[in-house]
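Please open the model in your viewer and keep a selection panel at hand.

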Amino acid sequence: MGEPLKISTMADYAAQGDSPEILFWVGCAGSFDDRAKKITKAIIKILNQVKIKFAVLGTEESCTGDPAKRAGNEFLFQMQALTNITVLNGYNVKKIVTGCPHCFNTLKNEYPQLGGNYEVIHHTQLVQQLIDSGKLKVQGGNFKGKKITFHDPCYLGRANEVYEAPREVIQKLDVELAEMKRSKAKGFCCGAGGAQMFKEAEKGNKEVNIERTEEALSLNPDVIATGCPFCMTMMTDGVKHFNKEQNTKVLDIAELIAQANEL
């Protein structure tokens with residue numbers, strides 16, 4: 001089973017009169033979805049390896065309000081956001097890292113107008129910074145020489161123009177990075193954004209995630225890499241739809257690094 005993960009809460013730090021460098025915002029998917037929990041653990045293993053002082057909010061963390069806002073319930077969004085901002089400002093939080101582009105986008109771009117001003121980075125940006133500064137050494141491990149394609153999450157890519165960080169991290173693994181026809185600024189949604197994750201499909205002849213997975217699988221990749229728990233669900237379902245689970249794995253960038261470094 002390995003050693004239990006070391007995680008402190010903001011309340012633990014506050015009780016000691018101390019504060020961490022980074023708040024790790026786990027998000028709903030990272031807390032409750034069984035597949036996304038593995039991404040959360042991978043991020044924590046990386047943070048522990050480089051000995052960054054970080055904390056989570058634990059039970060004080062609530063949904064950022066992204067699904068409510070995208071589904072059109074602005075009132076609920078503002079209630080959820082203001083509750084979170086009160087907690088974050090109470091702990092004098094300065095820097096937040098999150099594994100979810102939806103949380104990333106909402107905390108970074110929509111909380112400031114409600115009084116929540118923080119430096120917000122996505123976990124792929126943090127990993128890139130750690131590699132560039134020499135704090136995190138990356139080996140190819142069992143990914144060396146494999147073919148990996150990266151699916152750009154909408155809220156990481158087109159909404160916030162973070163294209164290079166995840167790709168630079170992937171290339172550190174000594175792999176072949178294969179690009180889909182629709183990538184970067186011309187990327188294609190996995191089908192879960194805008195709260196679509198939580199509703200039934202509308203009439204049509206093909207699911208969006210099937211279209212996107214088809215595009216990825218046409219490259220015959222060993223791994224479809226992503227940086228979002230929603231994309232993870234949609235791409236994994238797509239790979240299962242085509243019965244390709246044995247040939248192609250769907251992994252988050254953090255999982256790639258944690259597995260390559262045998263964390």
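Select Phe24, Val26, Ala29, Gly30, Ala36, Ile39, Thr40, Ile43, Gly99, Cys100 and Pro229, which together line the largest cavity; on a 1 Å grid over the protein atoms alone, a cavity is a set of points where a 1.4 Å probe fits but cannot get out, and lining residues have an atom within 4 Å of a point. Helix H2 (27–32) and helix H3 (34–49) are the elements that give two or more residues to this lining, and H3 supplies the largest share, with four residues. Helices (H or I, at least four residues) and strands (E, at least two) are DSSP runs numbered from the N terminus.

The model is predicted, so local features need pLDDT of at least 70 and side-chain atom pairs count only at pLDDT 80 or more, while totals for chains, interfaces and linings use all residues. Residues are numbered from 1 along each chain as its sequence is written, and side-chain values use heavy atoms, with hydrogens and water left out.

Colour the lining of the largest cavity by residue class, and it divides into eight nonpolar, three polar and no charged residues (Ala, Val, Leu, Ile, Met, Phe, Trp, Tyr, Cys and Pro count as nonpolar, Asp, Glu, Lys and Arg as charged, and the others, Gly among them, as polar). About 80 Å³ of space lies in this cavity, and the count of cavities of 30 Å³ or more comes to three; a volume is the space filled by probe spheres set on the grid points, which are joined across faces, edges and corners.

Next, select the five strands of the open sheet, which has the order E1-E3-E2-E4-E5 and parallel pairing (two strands pair if DSSP finds at least two bridges between them). Strand E1 (8–9) and strand E5 (119–122) stand at the edges with a single partner strand each, so one side of each is left without a neighbour in the sheet. Within the sheet, strand E2 (residues 22–25) and strand E3 (residues 54–56) pair in the parallel sense over two bridges, and Leu23 stands opposite Ala55 in E3.

Now show the other open sheet, whose four strands follow the order E7-E6-E8-E9 with parallel pairing. Two bridges join strand E6 (residues 147–150) to E7, and Lys147 has Glu176 in E7 as its bridge partner.

Finally, select helix H9 (residues 208–217) and helix H10 (residues 229–241), whose axes, lines fitted to C-alpha atoms over the stretch in contact, come within 8 Å and cross at roughly 75°. H9 and H10 are therefore roughly perpendicular to each other, a term that covers angles of 65 to 115 degrees.

How values were computed: 1 Å grid on protein atoms, 1.4 Å probe; cavity = no way out; pocket = protein on both sides within 12 Å on 5 of 7 lines; lining within 4 Å. Axes fitted to C-alpha atoms, helices over the stretch in contact; angles between N-to-C directions. Parallel < 35°, antiparallel > 145°, perpendicular 65-115°, else oblique.
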